[in-house]
Amino acid sequence: MVDDNELERLRDIAVPAPGGVAKARAFAAAMQAFDLDERISAVPQGTPAGLRLTERARMLWRDIMQRKLIATPAITALVALPIAGYAAFEMLKEQPRGIGGNGTVTETVADKPVAQKPEQPAVNEPLAAAPAKEKKTDADTGTRANSQAEPAAPKPATEVDTLFRQEATPAAKRALQATPAESGQLAAGGKDGSSDRVIMSMTPPPGVDEAERADQAPAGAATTMPQSPPAMADSKLMVQPAPMPADQMQPQEENRDRIETFKTNPVHETAQDPVSTFSIDVDTASYSFVRRSLKEGALPDPDTVRVEEMVNYFPYDWKGPESASTPFNSTVTVMPTPWNEHTKLMHVAIKGFDVKPAEQPKANLVFLIDVSGSMDEPDKLPLLKSAFRLLVSKLKPDDTVSIVTYAGNAGTVLMPTKAAEKQKILAAIDNLAPGGSTAGEEGIREAYKLAQQSFVKDGVNRVMLATDGDFNVGQTDDDDLKRLIEKERKTGVFLSVFGFGRGNLNDQMMQTIAQNGNGTAAYIDTLAEAEKVLVEDASSTLFTIAKDVKIQVEFNPAKVSEYRLVGYETRALKREDFNNDRVDAGDIGSGHSVTAVYEITPKGSGGEQVDPLRYGQAKVDNGGIANADEYAFVKIRYKLPNENVSKLITTPVTAANEVSSFDAAGADQRFSVAVAAFGQKLRDEDQTANFGYDRIAEIANAARGADPFGYRAEFLSLVRLASSLDGNK
């Protein structure tokens, strides 16, 4: 307890200079002692010296109040500062480690008495670093000299809050504007103030900026995260969470992208396994995803690189069919392999019939749009809205548009509306706003329901799903969604998927439902990509000319020792699936082109990677090998959009399909091979390990051609980016 003599002595001592740090410390200590009266245990803790410092200060303050020494606000102002200074002095003297070099005072506050050994610190209480020596500047020195020569008069108690705001750092000033709810109030989180730790933030000395304080801090010293304090009007302490290392102050956002992992196609020995079967693919999502990664300064995850999607991203001038009765034409070219002198490439190109705009059937489209909370980013819902506005401008007046959205649940935003009412459709798109979880399965059901309501016989009936990622409400398993899509596909309503954004993209789910919904999967990362997919490629995206298209190649063991398919790993089919019309496969849209590349090892070339079998070889009854002059036999199965029975197209590959040198191949063939090499390089495949980016760029540049939309020029820039990022040139 403090007696009258001690009070007399306090009154006669000189008032310390009102430095910024001293005032802030004194004010915080006094307010802590006053406000935590009922919360602070009287049981000794933390030191063997008896009562805790905050308890002594509280008792000192209560004794003064009981003696009624303070009668007016003026006296309050005169007495509060020296008493607070005394309390701060005692705290500095007896617990120097409680004040860190960054001006932060730590003190443990407990709601209940806790028995502790005298020499042990409180549980979880960090050991604060010793105060760092201040780095003084000329301006700071002058300021301190002036403050000592001309001490300012104490300010009234009613101006304490203003004083604190004037002395506070810019971060603290911003924090003072926060509400108590925003400020976090106490570090351990309790509205009643219950916590095992309170950290009071003191204003740093004038003239010392953030960078200087960071430089001055001793090695290993903890730093404190900025935290908004409670409103000072409520007489609450400014508190912050426990100290956190500087390298953890801005944690990286978790990446929840779901990408299907797969192994690169192996080399097959023709004598043992002469048949290769796969579903065609016209998706382009992988190329866009790879492009975004490279432009953000990072090599893509190898599993995001699907070589066939990269190759098929570009438009090629393959020869197309003469009429719609034969929906596509195939072109096969055999050429030397630029990355292996012992092998050759068998290049298979398919071109779909290009339906003229006047002959395009009516379209019944349902926009199924994800408006969950995660879509609230510039490259998600805002970009999505701009993309669909572009598509609406492409539609004919008789086409129909419906809009279904889903977040926590699904809802119909726009009932089937003719594209002639363009402004009504655009207004519905513009009014979309994000919020909630992701009930994608419910949205899919609602979208199919609307598509059936406005079904167009012999027309295009398609659900267009636009999302940034996972479904987390309802059916979320890929296999369950696959069965749902397969069921609805039989009604004649197809589904395409468009991905947006990063960090939550479920590429695996997108691929699954697009492949089983007789649709395409695209990734839209820019408005230019939206224009490519939904405007320039609208016909191939919307108007299907053939479905369930499969390719089967049988290699002749007399001419080809080994082969491997470049890409299409996720679209491999069993040999018996080729003739099974119940097995789903890819679709081809109007004017679409599909490219596949095999690397083959000619018989006797010396480039074999697999030892030959000792016994057995493909024979016929006459003892020879049938069609011995053929490299391979290419078979293509397809169904017309409204039919369920497949048709067959066959093409023998002979010397007539071969060119003498790589440079003798067409520009489109050579450019597509450059893209295939680039994709393999990004996947770090053995075949292209010694094939440099410079050689890829050289081939692509020589085969660049007209390039009216600049896609090939952009590809060259991506090759240069990858070269600079990849240490293995």
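**Figure 1. Surroundings of D399 in the predicted model.** Beyond its neighbours within four places in sequence, D399 is in contact (heavy atoms within 4.5 Å) with K362, A363, T417, K418 and A419. D399 itself is placed in the loop between α12 (381–394) and β8 (400–406); helices (H or I, at least four residues) and strands (E, at least two) are DSSP runs, numbered from the N terminus. D399 is buried but forms no salt bridge, and K396, the nearest side chain of opposite charge, is 5.2 Å away. Here buried means under 20% relative accessible area, exposed over 50% and partly exposed in between (1.4 Å probe, protein chains only). Lys and Arg count as positive and Asp and Glu as negative, while His and the chain ends are not counted. A salt bridge requires a side-chain nitrogen of Lys or Arg within 4 Å of a carboxyl oxygen of Asp or Glu. A polar atom of the D399 side chain lies 2.9 Å from the backbone nitrogen of K396.

This is a predicted model, in which local features need pLDDT of at least 70 and side-chain atom pairs count only at pLDDT 80 or more, whereas totals for chains, interfaces and linings use all residues. Residues are numbered from 1 along each chain as its sequence is written, and side-chain values use heavy atoms, with hydrogens and water left out.

**Figure 2. Strand β7 and its two parallel partners.** Eight of the eight residues of β7 (residues 363–370) are buried, so the strand is largely enclosed by the rest of the structure. A363, L365, F367 and I369 point one way from β7, and N364, V366, L368 and D370 point the other way. Seven bridges join β7 to the parallel strand β10 (residues 460–467), where R462 is the bridge partner of L365. Seven bridges also join β7 to β8, again in parallel, with V404 of β8 as the bridge partner of L368. Two strands are taken to pair if DSSP finds at least two bridges between them.

**Figure 3. The largest nonpolar core.** A nonpolar core is a set of buried Ala, Val, Leu, Ile, Met, Phe, Trp, Tyr and Cys residues joined through side-chain atoms within 4.5 Å. The largest has 40 residues, and those with the most contacts inside it are M310, F314, F671, F678, L682, I696 and F715. Two or more residues each come from α10 (285–295), α11 (307–311), β6 (340–352), α19 (667–682), α20 (693–702) and α21 (711–725). The largest share, eight residues, is that of α19. Leaving aside neighbours within four places in sequence, F678 is in contact with L294, M310, Y693, I696, F715, L718, V719 and A722. Another core, of 36 residues, lies apart from it and includes A363, V371, L383 and L432.

Figure 4. The structure holds 23 salt bridges. In one of them, the side chains of E308 and R571 meet at 2.9 Å (N to O). E308 lies in helix α11 and R571 in the loop between β14 (560–566) and β15 (586–589), so the pair ties together parts that are 263 residues apart in sequence. E308 is buried, with a relative accessible area of 1%, and R571 is buried with 3%. D283, R306, E308, E309 and R571 are linked in a network of salt bridges. The side chains of R712 and D668 also meet in a salt bridge (2.9 Å, N to O). This pair links R712 in helix α21 with D668 in helix α19, 44 residues apart, and both residues are buried.

Technical notes:
A polar contact is a pair of N or O atoms within 3.5 Å; within protein, one must be able to donate a hydrogen and the other to accept it, and residues adjacent in sequence count only if both atoms are side-chain atoms.
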